[in-house]
Amino acid sequence: MENWNTSTSILAGRSTVQLQADLAQLQQAYIDLSSGAKGESYSYTQGDGAKSVTYTRANISQLVAAIREIQVQLGIITRGRRPIRLVF
């Protein structure tokens, strides 16, 4: 299992308030995409400048990964994988 270090992650330097706002936007985008609404464009600023991203149904898995990354940074979830269970 990989150890997650919040001080060296890609999201290091963003305040908790900023991360919570980012998480809310990403979760809303996920809800919109899951319900069939069209993709939307989102912008955010990091230390290296402004970024913009557009999510569509085709890349919803990337959206889920971004949500999980912020949740890990905030300590909402842990980084570890769920155990693999065999079903017979």
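Q: What distance is given for the polar contact that joins the side chains of Arg 14 and Asp 22?
A: This is a predicted model in which local features need pLDDT of at least 70 and side-chain atom pairs count only at pLDDT 80 or more, while totals for chains, interfaces and linings use all residues. Residues are numbered from 1 along each chain as its sequence is written, and side-chain values use heavy atoms, with hydrogens and water left out. A polar contact is a pair of N or O atoms within 3.5 Å; within protein, one must be able to donate a hydrogen and the other to accept it, and residues adjacent in sequence count only if both atoms are side-chain atoms. The polar contact that joins the side chains of Arg 14 and Asp 22 is one of 2.5 Å.

Q: How many salt bridges does a search of the whole structure find?
A: A salt bridge requires a side-chain nitrogen of Lys or Arg within 4 Å of a carboxyl oxygen of Asp or Glu. The side chains of Asp 22 and Arg 14 meet in such a bridge, at 2.5 Å from N to O. A search of the whole structure gives a count of one.

Q: Is Arg 14 buried or exposed?
A: Arg 14 lies in the segment before helix H1 (16–34), where helices (H or I, at least four residues) and strands (E, at least two) are DSSP runs numbered from the N terminus. The class follows from relative accessible area, with under 20% taken as buried, over 50% as exposed and values in between as partly exposed (1.4 Å probe, protein chains only). Because its relative accessible area is 16%, Arg 14 counts as buried.

Q: Which residues does Arg 14 contact, leaving aside its neighbours within four places in sequence?
A: Contact here means heavy atoms within 4.5 Å. One of the partners is also the salt-bridge partner of Arg 14, namely Asp 22, which is itself buried at 13% relative accessible area. With those sequence neighbours left aside, the contacts of Arg 14 are Leu 19, Asp 22 and Thr 45.

Q: Is Leu 11 buried or exposed?
A: Leu 11, a member of the largest nonpolar core, is placed in the segment before H1. The C-alpha atoms of Leu 11 and Leu 74, although 63 residues apart along the chain, are separated by 9.8 Å. Since its relative accessibility is 11%, Leu 11 counts as buried.

Q: What is the relative accessibility of Leu 86?
A: Leu 86 is placed in the segment after helix H2 (60–74). Together with Ile 84 and Phe 88, Leu 86 makes a nonpolar surface patch of about 490 Å². Leu 86 counts as exposed because its relative accessibility is 69%.

Q: In what order do the elements of the protein chain run from the N terminus on?
A: The secondary structure of the protein chain comes to two helices and two strands. Read from the N terminus on, these elements run α-β-β-α.

Terms used
Patches are made of residues with over 30% relative accessible area and no salt bridge: like charges are joined within 9 Å, nonpolar side chains (Val, Leu, Ile, Met, Phe, Trp, Tyr) within 5 Å. Accessible areas come from the Shrake-Rupley method with a 1.4 Å probe; for residues, only the protein chains shown count as cover. A nonpolar core is a set of buried Ala, Val, Leu, Ile, Met, Phe, Trp, Tyr and Cys residues joined through side-chain atoms within 4.5 Å.
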